[in-house]
Amino acid sequence: MSATITIALAGNPNAGKTTLFNTLTGARQHVGNYPGVTVEKKEGAYIFPTGEEATIIDLPGTYSLTAYSVEEVVARDYLVQEKPDVVINITDASNLERNLYLSTQFLELGVPMIIALNMIDVAQDRGISLDAEKLSALIKVPVIPIIARSGKGTAELMAAALELARKNEPWNPLHISYGEDVDLALQTIGQRITAAEFMTDKYAPRWLALKYLEGDSQIREKGRRDNPAVDAELQEIVTGVSDHLHKTMETYPEAIIADHRYGYIKSVLRQEVISHKFDADRLHASDRIDKILTNRFLGPIIMLAVLLGLYKFTFTYSELPVAWLETFFGWASDNLSTLLPDGHLKSMLISGVIDGMGGVLGFVPLIMFMFFGIAILEDSGYLARVAFMMDRVFRIFGLHGSSVMAYIVSGGIAGGCAVPGVMAARTLRSPRERLATLLTVSFMNCGAKLPVLALLTATFFSSNQAQLMFLLTLLAWAVALTAAKFLRLTVLRGESTPFVMELPPYRFPTFRGLLIHTWERTWQYIKKAGTTILAISILIWAMMTFPALPESQEQNFARQRQEIMTAASPQAIEALESADTPLPAEAVQIKENLAAVDTAQAGSALRHSLAGRIGTSMETVSWLPGFDWRTNIALVGGFAAKEVIVSTLGTAYSLGEADEEDNTSLSETLSKDPHWNPVMALALIVFVMFYAPCFVTVVCISKESGSWKWGLFSICFNTAFAFLLATLVYQGGRALGFTG
Amino acid sequence: MPTILLREMQKDQSGTITAVKVGGELGRRIRDMGIVPGTRITIMGRAPLYDPVAIRIMGGTLTLRNNEADYIQVEIA
């Protein structure tokens, strides 16, 4: 036995696996990914009272070990390939019969296992009494009652795990009888597997035979790769049995296998393991809550109120820390600008690094509060009810009830972020519905688009800004859902996935669980922001700085400054230098004139830079939606992060550094500029809402979908779509004569 | 006792599952969650738009879409 033992936690979703993991490992956790897939791999350390250490692996929650979704495959592959010393199968004691279905499959696999009867207190409240010793004697594995939330029984559980690991016994698969037909087929297939030594280095022959009969797609694929001839032969036997069963009993091998597994469980439980004091169908507190929360009339109203509440909570409480962060970055920027000499380094540190990081880190409090709110909804069980209530609507668009959360997080209530939204799509099990969700959540009005929308609506539609913002939120929903439908009818065509889903009983979330949940997700965001965004904002800064203005033009601006100074009276210059307040009128005038030259220079420099050239060359097509080169540059910059759009517009309109924080002057400039009008503003709003997602989102989409192809697709598809829509708005508006 | 499809059951009605007539992924998923012949089932309620349906089975609550419930036959009792 190695120095540290490995213990895998496995069990149904909602059985309390994560709670137990948090109780056992505390803060000693590490979250990673399983190779090649997006399923989170959580590892933690547990220290025994004896000083020995164990590595605890939190396997994804599953109902079964047959390949259904990536979670099941990951859990199974881990058990078979990594062979942990002990598997702790955590079960919900108040719902034991169904939870034992997975346990039975662990027994069939033969892993060294301990069953933890979790929430034994809830079971008692429901009038269920369980005889752990009897259960243990019948299925021949240790059974320990625990309460994961309070930690009760976990010491005994871990002691039993240590003892089992020390025994280091070989795997001992349980053989259940599945009835004559299936048993015979199992025997035949098993013999063929043994004779051909077909993948026997990895799997036990009988288990492999069982998976073939269950029609397990992952095992079949492996078999086909390993030895196509044997695979075909086995498949032929399976088809023979299937046809026979279908003809004689109108059933399927996997149905018979499942029935017999449940039969085995029932036969065990019937031997005085479990007794109900009340009728099993009795209404629990949770059901009474559901009578109100999923009520036909009250349910949707309460849901809307809860979602609005989440939104209010996020924005109200994050306001203050966001302001602190802004102050901090402002302070850092001011200090740097006084400390460093003028030049490219200073410009890069301030415009590239601090502004870039500040733009992203400024969102951290917001994201933290939002995740905290979502964690409450998730851990309490309410989120499953939202999916339940919304499924009928989302199904129309080829999505799943669970998609709703991804949309809301992304900005379904304006002001989310597509990055966590894309990550929230993980809960979706069907690859097609998941992809459709992944690719369309970025249409929502995320928090970074809001400053742009706020600026433009305030400037051009100030009289009904609030209504317009609300309409834009509705528009985002309409477009996202329509786009999802379009994708599901074209590139992502296919059947919808089963909705069979659990509505877990309502529970009070534990504060610790909420904090861990919130921190994990927030940290993921910070990590992404700290790396990718930093690189991209430096790149964008470089694009907007180089190539620098030619010498002759620089001199031209220098000469203008000179002229202003020489024309000034000595008193005014003296007043300027001594920096006395109040300045005489002439000095103020000179100062303003100098600033005008500075900003004019910044404007020409931007136009001369690579970004400016790209923006200018894009005018050949961007006249269609009515955008000039300045807007184009801002939109190019917006690819790094949408919040860059406003500040870039400011620079492009030669407002200079000082005005970046203060949008009022930009608003004034735009409203006075003859090029701008409400129609063009609306076209720009539409474009900003729907064009390519920001770079971080694209990275996330690529990671979550497992391919850069989809990231690239989202850039092209969204931009083309936004361009079309913006052109329609602009040209349509002009044709209707709204350009005044 | 009459045997009807799960879709046709009313709220708060109970029965015993007699057959699950679907194979493949959906069939496996349905069985993984405990919907197998011989199990008692009660309709807990329906979503605001009548679909999906929430059922009580083996002490837990599950949800199914109506078109999935169509594969499940229940003897009312």
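In this predicted model, the bridge partner of A:L503 in β5(B) is B:T61, and A:E502 stands opposite B:L62 of that strand. These residue pairs belong to the antiparallel pairing of strand β10 of chain A, residues 501–503, with β5(B), in which three bridges are found. The pairing forms part of an open sheet of seven strands, whose order is β10(A)-β5(B)-β4(B)-β3(B)-β2(B)-β6(B)-β1(B) and whose pairing is antiparallel. The edges of the sheet are formed by β10 of chain A and by β1 of chain B, residues 3–5, each of which pairs on one side only, and from one strand to the next the twist averages 45 degrees. Helix α16 of chain A, residues 382–396, packs on the sheet, where it touches β10 of chain A as well as β4 and β5 of chain B, and its direction makes about 125 degrees with that of β10(A).

The contact between the two chains involves 34 residues of chain B and 33 residues of chain A. On the side of chain B that touches chain A, two or more residues are given by each of β2 (14–20), α1 (24–32), β3 (40–46), β4 (53–57) and β5 (60–64) of chain B, and α1(B) gives the most, with eight residues. By class, this side of chain B divides into 15 nonpolar, ten polar and nine charged residues. Within α1(B), the residues B:G27, B:R28, B:R29, B:I30, B:R31 and B:D32 are buried, and the elements that cover the buried residues of this helix include α3 (96–109) and α11 (253–269) of chain A, together with β2 of chain B. Just after α1(B), B:G34 takes a positive phi of about 100 degrees.

Chain A itself has 33 helices and ten strands, and its C-alpha trace spans about 105 × 60 × 55 Å along the principal axes. Of the 740 residues of this chain, 46% count as buried. Among the contacts in chain A that join residues at least 6 apart in sequence, 72% are between residues at least 24 apart.

Two helix pairs of chain A may be described in turn. Helix α20, residues 450–460, and helix α31, residues 678–690, pack at an angle of about 165 degrees, with their axes 10 Å apart; because this angle is over 145 degrees, α20(A) is roughly antiparallel to α31(A). The crossing of these two helices is left-handed. In their contact, A:V452, A:L453, A:L456, A:T459 and A:F460 of α20(A) meet A:P678, A:A681, A:L684, A:I685 and A:V688 of α31(A), a set that comprises nine nonpolar residues, one polar residue and no charged residues.

In the second pair, helix α19 of chain A, residues 431–440, packs against helix α32 of chain A, residues 695–705, at an angle of about 175 degrees, and the axes are 10 Å apart, which makes α19(A) roughly antiparallel to α32(A). The residues A:L435, A:L438 and A:L439 in α19(A) meet A:I701, A:E704 and A:S705 in α32(A), and the residues of this contact divide into four nonpolar, one polar and one charged.

Elsewhere in chain A, A:L184 is placed in helix α7, residues 180–196. This leucine counts as exposed because 12 C-beta neighbours lie inside 10 Å, and a residue is taken as exposed at 12 or fewer. A:L184 lies 57 residues from A:V241 in sequence, whereas the C-alpha to C-alpha separation of the two in space is 9.5 Å.

Key
Residues are numbered from 1 along each chain as its sequence is written. Chains are lettered from A and ligands numbered from 1 in the order in which they are written. This is a predicted model: local features need pLDDT of at least 70, side-chain atom pairs count only at pLDDT 80 or more; totals for chains, interfaces and linings use all residues. Two residues are in contact if their C-beta atoms, placed from the backbone, lie within 7 Å. Helices (H or I, at least four residues) and strands (E, at least two) are DSSP runs, numbered from the N terminus. Ala, Val, Leu, Ile, Met, Phe, Trp, Tyr, Cys and Pro count as nonpolar, Asp, Glu, Lys and Arg as charged, and the others, Gly among them, as polar. Two strands pair if DSSP finds at least two bridges between them. Axes are lines fitted to C-alpha atoms, for helices over the stretch in contact, and angles run from 0 to 180 degrees between N-to-C directions. Angles under 35 degrees count as roughly parallel, over 145 as roughly antiparallel, 65 to 115 as roughly perpendicular and the rest as oblique. A crossing is left-handed if the near helix is turned anticlockwise from the far one by less than a right angle, and right-handed if clockwise. A residue is buried if 20 or more other C-beta atoms lie within 10 Å of its own, exposed if 12 or fewer, and partly exposed in between; C-beta atoms are placed from the backbone.
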